[in-house]
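Reader: I want to know what stands behind the labels. Please walk me through them.

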Amino acid sequence: GRLKEGLEKTRRGISDKVDDIIKSYQKIDEELFEDLEEVLIMADVGLETTERIIEDVKDKVKERKLTEASEIKSILKEELKEILEDVEGKSKLNINPSPAIILVVGVNGVGKTTTIGKLAYRFREEGKKVLLSAGDTFRAAAIEQLSEWANRANVDIISHSEGSDPAAVIFDGIQAAKARNMDILICDTAGRLHNKKNLMNELNKIFRIVGREYPNATKEVLLVVDATTGQNAVMQAKVFKEACNITGIALTKLDGTAKGGVIFAVQSELNVPVKLVGVGEGINDLQDFDPENFVDAIFP
Ligand code: GDP
């Protein structure tokens, strides 16, 4: 459905080009691999991950003694699935048992607020008691936007005024979640990426509060990155991974981008599972990430 439609440009960038290469070569040789490499790099798979993929495909071709270019496509598809499934089993959000707390981190503009809104709606539809905490206190607009999403999803929100201490908002969110017996508390955090030290300090303060005030809650630290930014998303993810213990990634704006290949780089270079994918601006446009479906969508 939505994922397949959304990934059309990525599909054209990878699958259609691979088809062209196969047609022009007939037989497998070194130049064919070079062309394949170029296709993957152009599709934002990233240099490191592309090299890994090409090496593995070459090994498989050798092992199976393949010679026809037409046999390359299924090998490549197999390899792409393997890359995404490498961290399989961990692709579910850590929210059980309740109570659970989800800390959502990421730079401004990547779709943090939207993802929190979509998640809140989903959990609420599942009959869970959900509370939001507006930890991005640096922008009044962020607090307002999150309140709008809380309305849409029909869940409560704890917020302070602009400029107040983010950790204090999270603290209050935790107290309210405990008092009201919430299943899931979803916390927004500031999205400024001034420098790594600053980010680490801010996040550490929040993590300390969570550890102290909500020690037995199930914890998920979800990093939101924007697929349309390509390799920049990988860079951001690396900075956040150094700053805190990310447990999952939400890759947004996969609809309409040609850079969907970035998912392979994110997953293989960070070794953190992509758990959610954003496929539109609507409240329903968030899906659980499924490696098999994803590769089938870009590689029919
Ligand atoms: P934040 O600054 O990280 O909180 O970002 P927002 O949640 O405000 O989102 C920034 C923009 O990206 C908004 O216009 C959203 O509607 C849009 N957006 C978020 N997620 C998606 C997605 O999955 N697909 C598309 N097409 N747009 C998205």
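**Labels and their grounds**

Author: Pro97 sits in the loop between helix 5 (72-85) and strand 1. Helices (H or I, at least four residues) and strands (E, at least two) are DSSP runs, numbered from the N terminus. This is a predicted model, where local features need pLDDT of at least 70, side-chain atom pairs count only at pLDDT 80 or more, and totals for chains, interfaces and linings use all residues. Residues are numbered from 1 along each chain as its sequence is written, and side-chain values use heavy atoms, with hydrogens and water left out.

Reader: What makes the bond between Asn96 and Pro97 cis or trans?

Author: Omega is about 0° there, and the bond is cis. Another cis bond runs from Ser98 to Pro99, with omega near 5°. Pro99 is also placed in the loop between helix 5 and strand 1. Most peptide bonds are trans.

Reader: Why are helix 10 and helix 11 called roughly parallel?

Author: The axes of helix 10 (residues 231-243) and helix 11 (residues 262-270) cross at roughly 25° and come within 9 Å. Axes are lines fitted to C-alpha atoms, for helices over the stretch in contact, and angles run from 0 to 180 degrees between N-to-C directions. Angles under 35 degrees count as roughly parallel, over 145 as roughly antiparallel, 65 to 115 as roughly perpendicular and the rest as oblique. Helix 10 and helix 11 are therefore roughly parallel.

Reader: Which residues make that contact?

Author: Contact means heavy atoms within 4.5 Å. Helix 10 gives Gln231, Val234, Ala237, Lys238 and Lys241, and helix 11 gives Val262, Ala265, Val266, Glu269 and Leu270.

Reader: How do you know which strands are at the edges of the sheet?

Author: The open sheet has 8 strands in the order 3-2-4-1-5-6-7-8, with mixed pairing. Strand 3 (156-158) and strand 8 (286-288) are its edge strands, since each pairs on one side only. Two strands pair if DSSP finds at least two bridges between them.

Reader: What makes strand 2 and strand 4 a pair?

Author: There are 6 bridges between strand 2 (residues 130-135) and strand 4 (residues 184-189), and the two run parallel. Gly135 stands opposite Thr189 in strand 4. Helix 11 also packs on the sheet, touching strand 6 and strand 7.
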